[in-house]
4 protein chains.
Amino acid sequence: MMSDYSRKQLQEEKVFKDPVHRYVHVRDQVIWDLVKTKEFQRLRRIKQLGTLYLAFHSAEHSRFNHSLGVYEIVRRMIENFEEYPEWNNDDRLLALAAALLHDLGHGPFSHTFEDIFHTDHEEYTRKIILENTEVNAVLSKVSPDFPREVAEVINKTHPNKLVISMISSQIDADRMDYLQRDSYYTGVSYGTFDMERILRVMRPSKDEVLIKESGMHAVEDYLMSRYQMYWQVYFHPVSRGGEVMLNLVMQRAKALYKSDYSFKQQPTYFIPFFNENVTVHDYLRLDEMVVNFYLQEWVQEDDEILSDLAGRFVNRDLFKYLPFDGSIITISELNELYKKAGIDPDYYVFSDSYSDLPYDYDRPGQNRNRRPIHLLRPNGDIREISSQSAIINSITGIHRLGSRLYYPKEKILAIKDLSVKAEIINLLNELD
Amino acid sequence: MMSDYSRKQLQEEKVFKDPVHRYVHVRDQVIWDLVKTKEFQRLRRIKQLGTLYLAFHSAEHSRFNHSLGVYEIVRRMIENFEEYPEWNNDDRLLALAAALLHDLGHGPFSHTFEDIFHTDHEEYTRKIILENTEVNAVLSKVSPDFPREVAEVINKTHPNKLVISMISSQIDADRMDYLQRDSYYTGVSYGTFDMERILRVMRPSKDEVLIKESGMHAVEDYLMSRYQMYWQVYFHPVSRGGEVMLNLVMQRAKALYKSDYSFKQQPTYFIPFFNENVTVHDYLRLDEMVVNFYLQEWVQEDDEILSDLAGRFVNRDLFKYLPFDGSIITISELNELYKKAGIDPDYYVFSDSYSDLPYDYDRPGQNRNRRPIHLLRPNGDIREISSQSAIINSITGIHRLGSRLYYPKEKILAIKDLSVKAEIINLLNELD
Amino acid sequence: MMSDYSRKQLQEEKVFKDPVHRYVHVRDQVIWDLVKTKEFQRLRRIKQLGTLYLAFHSAEHSRFNHSLGVYEIVRRMIENFEEYPEWNNDDRLLALAAALLHDLGHGPFSHTFEDIFHTDHEEYTRKIILENTEVNAVLSKVSPDFPREVAEVINKTHPNKLVISMISSQIDADRMDYLQRDSYYTGVSYGTFDMERILRVMRPSKDEVLIKESGMHAVEDYLMSRYQMYWQVYFHPVSRGGEVMLNLVMQRAKALYKSDYSFKQQPTYFIPFFNENVTVHDYLRLDEMVVNFYLQEWVQEDDEILSDLAGRFVNRDLFKYLPFDGSIITISELNELYKKAGIDPDYYVFSDSYSDLPYDYDRPGQNRNRRPIHLLRPNGDIREISSQSAIINSITGIHRLGSRLYYPKEKILAIKDLSVKAEIINLLNELD
Amino acid sequence: MMSDYSRKQLQEEKVFKDPVHRYVHVRDQVIWDLVKTKEFQRLRRIKQLGTLYLAFHSAEHSRFNHSLGVYEIVRRMIENFEEYPEWNNDDRLLALAAALLHDLGHGPFSHTFEDIFHTDHEEYTRKIILENTEVNAVLSKVSPDFPREVAEVINKTHPNKLVISMISSQIDADRMDYLQRDSYYTGVSYGTFDMERILRVMRPSKDEVLIKESGMHAVEDYLMSRYQMYWQVYFHPVSRGGEVMLNLVMQRAKALYKSDYSFKQQPTYFIPFFNENVTVHDYLRLDEMVVNFYLQEWVQEDDEILSDLAGRFVNRDLFKYLPFDGSIITISELNELYKKAGIDPDYYVFSDSYSDLPYDYDRPGQNRNRRPIHLLRPNGDIREISSQSAIINSITGIHRLGSRLYYPKEKILAIKDLSVKAEIINLLNELD
């Protein structure tokens with residue numbers, strides 16, 4: 001049973017001015033109250049694109065910014081869905097809340113942190129929603145079950161597959177917002193597509209959002225935008241290089257902690273992470289501000305490696321990079337050479353791989369949770385999109401990969417053993 | 001004598017993708033080296049608009065971002081100026097470096113910090129340029145005098161008034177960048193004007209940049225944009241409310257320090273500020289990341305006022321505001337009432353004033369450093385712009401003022417002495 | 001009594017892709033049928049901005065284009081109004097139809113034609129709606145009175161002042177569309193303002209659309225946009241020069257017709273205009289295509305003046321212009337000089353005046369049909385906007401004027417009588 | 001030998017405000033004089049996209065508009081090329097003039113007219129440049145050979161392959177302008193790509209413009225834009241339906257003329273076309289204004305077919321369409337049925353086909369004039385682009401086809417012989 005609170009409307013609609021969607025509109029008291037919680041406000045202190053600002057200086061926007069955008073897109077979806085019997089308006093608040101909160105558990109530089117500290121932002125999203133937080137208090141006022149329901153939608157385990165597909169699918173509010181938003185903030189021309197048209201051709205059905213066949217070309221454009229954004233923006237070598245740097249500095253700090261190194265400034269906020277025993281409270285307070293504070297502190301530490309790596313990140317003095325696929329030399333062979341040269345390979349060479357699958361779907365017997373984009377024909381038939389679109393067919397299932405080697409050029413140039421130095425330099429030249 | 005270094009060009013032009021100017025172009029080794037210095041990189045950790053993100057969630061861009069923009073505009077100015085004999089291309093690097101570095105001394109939330117700690121960002125810009133920094137090292141390689149020259153341009157004391165006017169005047173690269181950039185990031189429609197046209201009608205002259213008369217309407221549009229940005233964006237009550245909050249929390253922290261309060265986390269970075277004895281090194285390391293770290297720490301402090309105010313800022317739980325001009329009640333009368341109610345007036349009520357002068361110029365005998373915008377007629381005559389433009393004339397010299405009272409509504413509602421409570425509430429209602 | 005037809009909805013919403021409003025949405029069968037009428041389709045053959053394409057080559061859009069835009073804005077207004085009791089939804093179709101059809105009676109180059117042939121586009125709008133046309137047939141199916149009602153709204157005589165003010169007032173759908181649209185097509189940066197915000201702050205009241213006080217700055221921006229568009233775009237001397245050319249060629253053709261000149265191609269479509277006896281049928285068939293056809297024909301005519309003037313318009317070989325206010329020489333003195341020089345002053349010199357009143361309103365006792373823009377305060381009070389806005393106050397009632405003299409420079413240079421030639425050239429130089 | 005005139009610069013640069021490229025810059029007297037010729041001004045009276053305005057109401061821009069845009073892009077290309085030794089600046093004016101004039105021979109609704117009257121716009125471009133015209137006079141002043149050279153570049157027979165490739169290749173100024181321009185005017189989101197980046201990565205070489213490998217993704221985006229524009233915009237069924245209508249009405253008029261039908265208004269301008277004996281003078285005077293004039297005249301003709309078809313075009317009362325590939329019924333079978341039904345199949349049924357090849361190149365032995373897009377690697381190697389780009393590879397050589405049947409629905413519904421009527425309707429239903 002939903003409470004009166006769940007239906008409470010603001011006396012006057014509130015709007016957020018938004019450069020991507022022009023305005024974000026809020027009518028529901030619940031949504032307004034969620035925005036005001038300290039856990040949601042915390043998302044202002046986490047950049048949407050982590051280290052990408054090191055490559056695209058203008059991409060400094062936060063996850064708060066993006067979360068409002070996803071909410072707004074779902075709100076507009078529902079506005080269109082309301083005239084179809086397949087849409088049950090009782091799911092409205094569930095969809096809106098899940099949209100708003102879908103990234104609630106992201107921490108600073110998620111990729112790197114999850115890699116090093118084995119945290120999982122999806123798990124913490126769930127915990128923040130279900131444990132003793134302001135967000136949980138607001139959601140619980142809707143109904144005692146509501147926090148669990150919201151968490152299940154975000155977790156993709158909720159029985160309502162339609163609502164899940166609005167937020168998590170190959171053409172969902174999350175992707176539509178971030179492609180446009182990241183495009184807007186970086187200033188690139190790639191992330192544009194006609195979202196208004198896509199929203200107009202979306203149709204609710206029992207288990208998913210369908211796309212009217214007449215909207216196929218708009219979806220083509222969206223998938224191409226996505227493809228370009230990945231290769232032109234998200235995988236930018238300088239941004240990945242920033243992550244590499246962070247990865248190495250965090251590894252070093254953790255190793256020092258584990259070896260009882262005595263920090264000048266005790267890394268209080270990090271200790272639960274080093275110990276891999278992180279409560280929701282620990283998790284929430286480690287935002288980018290705090291990480292940056294410690295990075296600055298670490299520049300002053302006596303440990304040369306920690307100080308050097310932290311300073312490199314803070315001052316954007318990143319490693320150089322080269323294409324690298326292990327064919328000319330393996331990373332372990334390189335490690336050996338580093339040791340001969342007296343450079344610690346754990347902290348001064350890094351092989352970084354990345355990949356993208358622009359569009360794919362599970363064939364019979366497959367179960368990789370890749371639900372197709374389905375077109376709805378005028379006669380009611382459903383077709384998987386790549387069977388109808390030559391251009392989408394041409395990219396379906398294509399798994400593109402890339403990898404690079406990161407290394408500190410000036411450290412290589414300073415190797416004293418000239419033969420080792422020459423050997424390494426020759427190898428790097430071959431990679432180029 | 002300028003060194004060879006001053007003329008050194010990059011092997012290939014570097015570009016920064018920029019959403020406002022599309023691309024920022026760098027050819028000079030000096031500029032490239034300046035961008036890489038740690039003092040310039042630090043500007044990534046200072047928001048261009050301070051607390052404005054609390055009102056416009058999307059305005060999260062940094063001073064780094066803006067500084068590149070100002071540089072790019074000056075670069076384009078020079079590209080146009082090169083065909084005029086009034087332009088001496090020996091001043092090119094001076095203008096570019098001064099443009100790039102003009103905001104180098106900004107700290108976090110400058111307004112508030114300068115108010116409380118009596119620092120002055122212009123003074124620190126000068127010091128960072130002239131003292132022992134990476135920026136100084138780069139500039140000194142151009143010529144031993146070059147750092148001083150750059151500082152004098154930024155300081156408006158350099159004999160070359162033309163170069164100064166490119167960066168600091170009523171229609172300069174700084175303003176043209178920030179109006180467009182802040183408009184882009186907030187998403188408002190106000191800050192648009194035809195910069196390309198303004199650049200085309202700018203003409204270098206001995207002491208200033210002149211505007212060809214045919215470009216008058218573009219300047220009208222620019223001045224109107226500026227006017228609107230001030231009143232619609234920069235003076236937004238929620239943004240000012242964030243500054244009020246910061247102001248109060250900094251005052252409290254300083255007062256506690258001065259009274260030997262024992263902080264749980266020693267406010268190391270702040271101590272030179274509390275003591276008003278701030279070296280360049282102290283100054284540079286206190287960026288927004290560090291300020292936010294301490295604000296989070298202070299939430300945990302035992303002092304109730306510090307903890308409350310810090311938490312309010314961190315979680316955007318700001319004071320309410322009302323128009324206030326002191327006519328219904330003075331601030332000291334209000335202070336008395338607060339004391340009766342048992343609320344500390346030093347930290348829980350704040351009268352905030354702001355004002356803007358859209359355009360003005362010094363008349364004979366005046367000396368307020370308000371140089372007019374001058375139009376250049378086809379026959380070579382010079383005219384002050386408001387004498388030619390009805391619309392500019394209508395706003396010239398109009399000093400618009402505003403002020404607001406900030407207070408914590410729920411604290412007022414919780415006053416136990418019912419008559420004092422009623423008295424305060426009645427007064428606030430009268431203000432509304 | 002409204003017919004069932006008046007409520008008939010299209011099976012599926014139709015949309016027009018529109019670069020200014022993104023999409024124009026049509027749900028009503030009546031609107032759809034009106035768009036399909038031949039009288040409305042005819043608006044595709046009339047440029048929105050007449051001769052402005054001669055100054056701004058990209059401004060080639062039609063009145064059809066603009067009419068759909070005005071309709072769409074009124075549709076959005078109503079969408080917002082529907083939640084207020086002051087709005088009577090029975091007026092919906094009336095407002096939409098009047099918006100769509102408000103320019104129906106415009107002919108080619110209206111200004112010039114109305115000047116020469118004493119037609120009046122408002123009168124013909126009325127006639128097309130009320131006489132035997134396809135538009136009338138569609139409207140009559142709504143109810144027998146409906147054509148008259150629509151005409152009265154457009155004519156500003158309908159008792160429903162609220163609906164009139166949506167389409168014709170100092171901040172109406174017509175102006176909001178054309179400022180943005182003309183700005184888009186010319187490519188200038190002036191016509192931008194935040195229409196979405198203005199629509200959000202509009203409130204229906206008994207006799208007019210009110211603006212919530214909080215939207216005042218958006219209205220300021222709109223009025224400034226309007227001001228700039230008039231002076232920077234609509235009054236452009238080359239566009240006015242095109243009108244001058246048309247004016248003269250039409251005068252010549254008419255004079256020839258009146259003097260029984262024998263045209264090679266009988267000016268059939270023009271004859272009713274020359275005789276000032278124009279039926280709706282005559283009026284409708286004279287579109288820009290036809291006018292241009294005759295202009296091309298006239299180039300072949302034996303009459304030298306007609307041939308010369310027509311060729312000048314067709315090939316954009318326009319007169320030169322100078323500022324002119326009659327103080328240095330009067331137009332009749334100039335005419336005398338022309339006669340001495342053997343040039344016909346009726347066709348080779350033209351004094352063109354224009355003026356704009358950015359905003360004004362009738363004070364008590366005045367009756368110039370200038371209804372103020374009214375702000376609605378939170379407490380329900382109404383305020384005329386210039387009393388609240390310094391910037392609007394500064395332009396209220398300012399009537400700006402301009403005038404120019406147009407003349408064919410090469411004809412002056414070819415005057416044989418050297419003393420007359422010198423006299424004229426000296427005078428023109430003085431004007432410069 | 002080039003004349004002094006070829007080097008003559010305007011006293012002050014002229015600019016055209018352009019919504020797509022912001023400004024079009026002209027410095028050369030030759031270019032300025034070419035723009036002023038009557039043949040170039042005539043392009044204002046020819047729509048860039050023919051009948052597309054019937055589908056996208058806002059696409060009303062002219063070939064004049066586009067021609068300036070192509071000129072401007074080539075101007076910017078040259079600005080970048082000037083620093084490379086592979087660029088010979090003696091070719092500058094040739095490239096600019098060819099860019100400006102490349103569409104000079106387009107007539108109204110070229111596709112249809114060329115189909116019916118067997119004219120060829122490329123041939124007339126050549127003739128206008130080489131015969132007795134104002135354009136020829138201007139070009140001849142540069143040098144006696146210059147007209148021929150310009151014509152050869154446009155004709156792709158000039159020995160300078162580099163200049164040709166700037167204007168006519170798979171990534172040329174023509175396409176880059178029209179994709180962006182048509183996107184701007186229709187308002188669709190498809191035609192956007194980063195032209196500024198493409199210009200930056202273009203490198204002149206002996207025989208063609210090369211693309212620096214680092215710009216590959218921008219080219220991908222451009223090719224995808226092109227692909228989408230063809231299928232979403234240029235092949236729009238309503239636009240093609242307008243061409244069908246024109247085709248039929250022109251065929252009818254020609255047939256009537258050939259059978260000595262007595263027109264009320266003699267179709268003077270059309271007679272050379274009907275006789276397929278069209279001089280440059282005849283060709284130039286038949287612009288869209290004239291065509292529309294005659295179409296309106298023909299509505300009044302006694303011939304019912306001519307009158308009906310002309311009226312349908314003028315009032316946008318187009319045929320319906322269905323997908324059609326000849327598999328269910330052939331067009332000749334359909335013609336037979338039409339005859340039984342008493343409807344003339346020559347004028348009331350039309351099978352329309354269209355196709356697009358997004359990218360392709362000639363393999364060894366092929367000679368279809370499809371020159372590849374070549375990437376330039378840092379080491380100087382050249383690579384055909386589809387060998388480097390997975391996404392381009394996926395569309396290379398894919399020839400997409402479409403075809404539709406156009407017919408007048410209400411005429412079918414009015415067939416009196418009920419069995420024939422039923423047969424036709426059943427067939428059409430099968431097509432659907």
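**Figure 1. Surroundings of Asn429(C) in the predicted model.** Asn429(C) is exposed, with 9 C-beta neighbours inside 10 Å. Asn429(C) belongs to helix H22 (residues 418-431) of chain C. Helices (H or I, at least four residues) and strands (E, at least two) are DSSP runs, numbered from the N terminus. Ser327(C) is 102 residues away from Asn429(C) in sequence and 14 Å away in space, C-alpha to C-alpha. This is a predicted model, in which local features need pLDDT of at least 70 and side-chain atom pairs count only at pLDDT 80 or more, while totals for chains, interfaces and linings use all residues. Residues are numbered from 1 along each chain as its sequence is written, and chains are lettered from A and ligands numbered from 1 in the order in which they are written.

Figure 2. Gly242(A) counts as buried, with 24 C-beta neighbours inside 10 Å. Leaving out residues up to four places away in sequence, Gly242(A) touches Thr51(A), Leu54(A), Phe313(A) and Leu318(A). Contact here means that the C-beta atoms of two residues, placed from the backbone, lie within 7 Å. Thr112(A) lies 130 residues from Gly242(A) along the chain, and their C-alpha atoms are separated by 9.9 Å.

**Figure 3. Two residues with positive phi, Asp260(A) and Arg22(D).** Asp260(A) is not a glycine, yet has a positive phi of about 60 degrees. Asp260(A) sits in the loop between helix H14 (237-258) and helix H15 (271-274) of chain A. Asp260(A) is exposed, with 6 other C-beta atoms within 10 Å. Arg22(D), also a residue other than glycine, has a positive phi near 70 degrees. Arg22(D) is placed in strand E2 (residues 22-28) of chain D. With 14 C-beta neighbours inside 10 Å, Arg22(D) is partly exposed.

**Figure 4. Helix H4 (residues 63-81) of chain A.** H4(A) has 19 residues, which at 1.5 Å a residue should span 27 Å. The expected span is 1.5 Å times one less than the number of residues in the helix. The end C-alpha atoms of H4(A) are 27 Å apart, in agreement with that expectation. Of the 19 residues of H4(A), 16 are buried, so the helix is largely enclosed by the rest of the structure.

**Figure 5. An open sheet of three strands in chain D.** The strand order is E5-E9-E6, and the pairing is antiparallel. Strands pair if DSSP finds at least two bridges between them. Strand E5 (320-323) and strand E6 (350-356) of chain D are the edge strands, each pairing on one side only. Neighbouring strands of the sheet are turned by 30 degrees against each other on average, direction ignored. E6(D) and strand E9 (residues 400-407) of chain D pair in the antiparallel sense over seven bridges. Asp356(D) has Arg400(D), in E9(D), as its bridge partner.

**Figure 6. Chains A and B about their rotation axis.** Chain B superposes on chain A by a rotation of 180 degrees with 0.0 Å of shift along the axis (RMSD 0.0 Å). That is the relation of a two-fold axis. The superposition is by least squares on the C-alpha atoms of residues with pLDDT of at least 70 in both copies. Met289(B) comes closest to the rotation axis of the residues of chain B, at 2.2 Å (C-alpha).

**Figure 7. The contact between chains B and A.** Chain B and chain A each give 31 residues to the contact. At least two residues of the chain B side come from each of strand E1 (9-18), helix H2 (38-41), helix H3 (63-81), helix H10 (173-186) and helix H16 (288-299) of chain B. H16(B) gives the most to this side, with five residues. By class, the chain B side has twelve nonpolar, eleven polar and eight charged residues. Ala, Val, Leu, Ile, Met, Phe, Trp, Tyr, Cys and Pro count as nonpolar, Asp, Glu, Lys and Arg as charged, and the others, Gly among them, as polar. 100% of the interface residues of chain B are also interface residues in chain A, so the copies meet through the same surface.

Definitions and conventions. A residue is buried if 20 or more other C-beta atoms lie within 10 Å of its own, exposed if 12 or fewer, and partly exposed in between; C-beta atoms are placed from the backbone. Axes are lines fitted to C-alpha atoms, for helices over the stretch in contact, and angles run from 0 to 180 degrees between N-to-C directions.
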